[in-house]
Amino acid sequence: HKLRVYNPTLKRDGWESSNTIVELVHDNMPFLVDSLSMTLDRTGYAIRLTVHPLIRCVRTSGGRLKDVKPRKSKQGTVDSFIRLEIRKESRADRLRTLAEEIEKTLTDVRAAVKDWQPMQDRMQSVIAQLEAQQHADPDRKRESLELLRWLAAERFTFLGYRQYRLNKKKGELELTPIRGSALGLNTVGNRRGSAHVLSPAMQRYRRSSELLLITKANSRSTVHRPSYLDYLGVKAFNEKGEAVGEHRFIGLFTSQAYSAPVGQIPLVREKITEILDRAGLDPTGHRGKALIHILNN
């Protein structure tokens, strides 16, 4: 890619602007514009103009532009040309810092996009392993598998993955990352992974019949949306049915997941049924419908 963060001048560029200009040429891929916008917002720069044409370019092996073709042409590749105008930043050191932050974001975007299919494949492998597990509670297993399949059907944006092994060290149980298992965001920056001792709550979860752990991670996504990452943990078992580790996916629930009626979401729908049963309400009655409306919203 090529990135430029600058203030144009008449002498150097032949034009000038009251705004600072961010220009990027990159292989076209998902999440570029929204991730760049997030970075600028996070660093305190409001975007005043966004221009984003997709152009089919023919280039030399060294990347030099030779020709531009119609979008429907089979020649060349489609490149993403992005130009953002932000409020004027005069300090050269801040322009350099902004460019560095954008570079970090681009690294994260490429890592997530490059490993998207391997993460999808890993989820299918985890589903197959869980299907083969003979010691799990049948009802819990069925709903957990349904939920994983439901999420894999474009309801979860996979951004990172790592597998952990359960070890006993100095009398304490800890989860240790398995070398070489990381994908996506977990392969870059300070997300290399480290061992951590299981808390009492995590030890109870390990002994329970639950197969999944779904919660929020403690860091915000640098890709796609600035939300706290969603954490999806799936227990790994040995042949005896003992929990010996975890498959940990991080990502973001999609709009499809958030807009789905809760009564149609595997595992969650069980909780809805139990709430209605405890409340003693007929789901087809006025009060039952009111409660379902509250739960949906």
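**Before you start**

The model is predicted: local features need pLDDT of at least 70, side-chain atom pairs count only at pLDDT 80 or more, and totals for chains, interfaces and linings use all residues. Residues are numbered from 1 along each chain as its sequence is written, and side-chain values use heavy atoms, with hydrogens and water left out.

**Stop 1: α4 and α5**

Select residues 116-131 for helix α4 and residues 138-152 for helix α5. Helices (H or I, at least four residues) and strands (E, at least two) are DSSP runs, numbered from the N terminus. The two helices pack at an angle of about 165°, with axes 10 Å apart. Axes are lines fitted to C-alpha atoms, for helices over the stretch in contact, and angles run from 0 to 180 degrees between N-to-C directions. The angle therefore makes α4 roughly antiparallel to α5. The cut-offs: under 35 degrees is roughly parallel, over 145 roughly antiparallel, 65 to 115 roughly perpendicular, and the rest oblique.

Now show the side chains at the contact (heavy atoms within 4.5 Å). From α4, pick Q120, M123, Q124, I127, L130 and E131; from α5, pick K141, S144, L145, L148, R149 and A152. By class, this contact has 6 nonpolar, 3 polar and 3 charged residues. Ala, Val, Leu, Ile, Met, Phe, Trp, Tyr, Cys and Pro count as nonpolar; Asp, Glu, Lys and Arg as charged; the others, Gly among them, as polar.

**Stop 2: α3 and α4**

Select A112, V113 and K114 of α3, then W116, P118 and M119 of α4, to see the contact. It divides into 5 nonpolar, no polar and 1 charged.

**Stop 3: the largest pocket**

Next, select A217, N218, S219, R248 and I250, which lie nearest the centre of the largest pocket. A pocket is an open set of points on a 1 Å grid over the protein atoms alone, with protein on both sides within 12 Å along at least five of seven lines; a cavity is a set where a 1.4 Å probe fits but cannot get out; lining residues have an atom within 4 Å of a point. The largest pocket has a volume of about 450 Å³. Grid points are joined across faces, edges and corners, and a volume is the space filled by probe spheres set on the points.

Colour β7 (156-169), β11 (212-220), β12 (228-237) and β13 (243-253): these elements give two or more residues to the lining. β11 has the largest share, 6 residues.

**Stop 4**

Move to R42, T105, D108, R191 and T222, nearest the centre of the second largest pocket. It holds about 320 Å³ of space. Highlight α2 (32-42) and α3 (92-114), the elements that give two or more residues to its lining. α3 gives the most, with 5 residues. The lining divides into 3 nonpolar, 6 polar and 7 charged residues.

**Stop 5: the cavity**

How many cavities of 30 Å³ or more does the structure hold? There is 1. The largest cavity has a volume of about 90 Å³. Select L166, L175, L198, M202, Y205, R206, K235, A243, G245 and E246 to outline it. α6 (200-207) and β13 each supply at least two lining residues. By class, the lining has 6 nonpolar, 1 polar and 3 charged residues.
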